[in-house]
Amino acid sequence: MDLLSRICTAVLPWILVAQVIVIKECQTATLSTGENTTITITSSFPKANCSVCVLKDKQLTCSSELRLQPRENRTYSFSCPEPHKFFTIEISKNTVCISNFCSTEVKELLSLAFPKFNNTLIWDINFSENKALVLDFLGSGLRQIKPSESCPDHLTYSILTYLTAEIQSIGTFCRRGPVSKIQVDKGARVSLQMSGKEEVDEPGFSMAIGPPIKKCCIIEVKLLPGSSVNLLSPNYPLSFSDDDLMSWMFTVPENNKASVLFLNYTQPNCNKKSERVEYAVAGYQSTIGKSLTDQQPSSIRGNFEMQLENCKMDKSDPGKLSLEFRVEAFNDSQQNHFWIDLQKEKGINVTIKQKKVNPNCQICVGTACQPEITLQSGKKTKVIFKDCNLEELGMAVTKDIGCYNWEECPVKEMPLEVPISLAKLHVPLESLTWQLRAPTASTVVLSPGKAKLKYLLPGDKCREGFYYRLVEEDESELGKFCPQGSIEKVQIHSNISVVLLAIGNHSQILEPFFNVTFEKEITESYIFTVSPELGVMSYLVTPKWPEGMAPLSSVSWKVSVPPGHMVQVSFLNATQPECRQSHTSVSIKGQSSVEEELSRREDELLPEHQTMTEDFWLNMSNCKPEATKKTFKVMCRVTLIEKRNDLIMKIAIGTLSAVLVIVAFIVIISCVMKKKKKKKIQTSIYNPNVNTFFPGHPLFSKGRRDNDSHVYADIDETMMYGQLLRGPGMTPLPEVDVYRPFEGPVGDRPPTPPPLFNRGKSKAVGPEVDVYRPFLGPVGDEPPIPIFNREASMQAVVDSKLYTFQQHEQEAETPGNEDELPLPPADEEMDQNKEESK
């Protein structure tokens, strides 16, 4: 048995025991399903350390899912103390409804819901084809929402109907709304998603069987006085089913009228007929037909039915039919009055006016009534609205904040907010403008708080229902912004107006939005402080996008990079002008760096990406362009990336550095050794066997005829006249590279120096190297000067005649010359002679 098997055998029993102990600590329960009921327990985090365990036949089985079929009993438990954080419960029941007793089915399924868990209850309801299913939402009713929206209490109803083989959504709804009943043709499915934080005591709806409706569905809506409701066509935002129809039935309160306004719609491509809307008003036998593009009724008195009919769509290119509309109820003799207190406010103006012209609507202050009023700060005013639908009105608020000198300027971290008295006024807010006027040579600093900001680009929408415009003194727009971004501070060199604009009918936008501070002026026109987040792409654009920056202006983004991360700047869109004065500039520079990482002018292309590993500045400036040429504008994307392999990179860089140091050390040593080898002092070796004396290497590759070693380019004068520079009594130096004829006595053989070592077999004595010995042969008036031949070891003097270099070379080339000096032995021969001498 190997080591791994032994470890598993020893540890596995203890793991099972520990698991059983943990399960015993958790609650164990028995779950039973009724007829046609299925329960599924599923983990939302399969990799989490929490499982659902079932004990069957004394064996414990744990997994991330448990599914119970109809009429099945199971004893189960969870392996963690808080399983509701990891698991969701889905309870589904197939119901055949044939009478009004279907409400018991709702209560039965609701009783099976798990407390604290996120539950989804599903009723699949079947009934007779010649009947209709009536869903009655008791008490508070429902409010329809878009599929992308969520309910504030986390209780969401989804209602679907079976059309042929497909399922079509009738709509998604929250509790507490004007929708009271929904009638469905053919089969239906009702699902209720419940958060574990909310407990549902009442069923919420009941089911009954009604007469046939011969259409997809009927939605009944009860309007309240002065209220409005937004509704959607089935399957929104996808298409309503082909060649089908449905209707809404509206109950209008007494002394009220109703108006219909289409907010958004799409038209299909029809082969037969055309899509249309029909209105049937109680008490009138005829109907009113409208197309989607027509003006819809604006003053309907009494209850009415609105029917939507789709055409026979083109199968090759069907398009789609979708509709979003609003129905408003208003009282033609209604009066509402409000007190607006602006006594403690300074520099504020409030304008209330009609968004849609209604000749019956009057806005009154005292006895004076008019379609539009303006209220100023310092007063408390009673405003009366006669025969007005408050949803058709709009309110615009303007407030001035500023000072003229620094000594009297209290603007520091001042919140920009709406007065409390305006929050109680049930009139939709259209715009809210803060005009910020700072002293001379100052900067306006805007801090949006935790929400931060992001650029609102053309074609995008803000999810919050409002957005901001930053407008300069010359009415030019610096940019549009949404909340929930990465810009945490904006610094502006000039005065600025912050304009908040509502999208649609969002009126309750009354929380503080900005803190404003006046500081000393900056050199740039604008500075944005950006803190990107993981998984969020932040887009940055030049001011006044997409028109282009103002001439000779500049903007800077101060981007922070958290430790262990890096930021990639991608240039997505840029246009460069032809400059008449100065140049455009796009540069990136690290905050701790001296040099710029990137610098481009208008005649240079921008890179696709630039990556920074530290906090950095992204700077852009415009030139003074030609009047009719392109403007300067740039769009880039900032993405925060985590350094996942930071440790591996450090190890790799350290290893590479060590290798480079070792290689450099080896190269230096090699160079030094090679240099020393080149500078090695040549030694002279005396060989008495051949009466030759040669320096350096024992064999030369070239003869004298093959090289120019005997030709002198120049002769140092100190070598020629050196003996004249020495003083009396000094040992004369031998003349070098100077030819002198030999004038001493000569014999049959050239003079040779006496032996310098014993030629016997003694190993203790060797040839003397680099030791000066005076010449002991016959001498004349002057010491002989030996002439060195680069091919032979030593120039010899033969037969009392001194050979010149040229004569010696000529004789050396003559074959069979008996007087030819033998070449020194090669390395192999010298080694062999040494072995023989030993």
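# Burial, sheets and ring pairs

Visitor: Does T40 count as buried or exposed?
Guide: Buried means under 20% relative accessible area, exposed over 50%, and partly exposed in between (1.4 Å probe, protein chains only). T40 has 9% relative accessibility, so T40 counts as buried.

Visitor: What kind of model is this?
Guide: Residues are numbered from 1 along each chain as its sequence is written, and side-chain values use heavy atoms, without hydrogens and water. Local features need pLDDT of at least 70, side-chain atom pairs count only at pLDDT 80 or more, and totals for chains, interfaces and linings use all residues, since this model is predicted.

Visitor: Which strand holds T40?
Guide: Helices (H or I, at least four residues) and strands (E, at least two) are DSSP runs, numbered from the N terminus. The run at residues 37–43 includes T40 and is strand β2.

Visitor: Which side chain has a polar contact with T40?
Guide: A polar contact is a pair of N or O atoms within 3.5 Å. Within protein, one atom must be able to donate a hydrogen and the other to accept it; residues adjacent in sequence count only if both atoms are side-chain atoms. At 3.0 Å, the partner of T40 is R67.

Visitor: Which residues does T40 touch, not counting those up to four places away in sequence?
Guide: Contact means heavy atoms within 4.5 Å. With that exclusion, T40 touches E65, L66, R67, T88, I89 and E90.

Visitor: What share of the chain's contacts with a separation of 6 or more comes from residues 24 or more positions apart?
Guide: The chain has 838 residues, 39% of them buried. Its secondary structure comprises eight helices and 55 strands. Among contacts with a separation of 6 or more, residues 24 or more positions apart account for 79%.

Visitor: In β6, what is the bridge partner of V54?
Guide: Strands β3 (residues 52–56) and β6 (residues 73–78) run antiparallel, joined by three bridges. The bridge partner of V54 in β6 is Y76.

Visitor: Which aromatic pair does Y76 form with F78, stacked or edge-to-face?
Guide: Rings of Phe, Tyr and Trp (its six-membered ring) pair if their centres lie within 6.5 Å; planes under 30 degrees apart count as stacked, over 60 as edge-to-face and the rest as tilted. Y76 is buried at 10% relative accessible area, and F78 is buried at 6%. Their centres are 5.8 Å apart and their planes make 80 degrees, so the pair is edge-to-face.

Visitor: Which residues do ring pairs link into a cluster with Y76 and F78?
Guide: The chain's aromatic pairs number 20. In the cluster, ring pairs link Y76 and F78 with F87, F114 and F117.

Visitor: How many residues apart in sequence are the parts tied together by Y279 and F304?
Guide: Y279 is buried at 1% relative accessible area, and F304 is buried at 4%. Y279 lies in strand β21 (residues 276–281) and F304 in strand β24 (residues 304–309), so the separation of the parts in residues is 25.

Visitor: In β26, which residue is the bridge partner of N264?
Guide: An open sheet of four strands has the order β17-β26-β19-β23 and antiparallel pairing. Within it, β19 (residues 256–268) and β26 (residues 319–331) pair over eleven bridges. The partner of N264 in β26 is E324.

Key: Two strands pair if DSSP finds at least two bridges between them.
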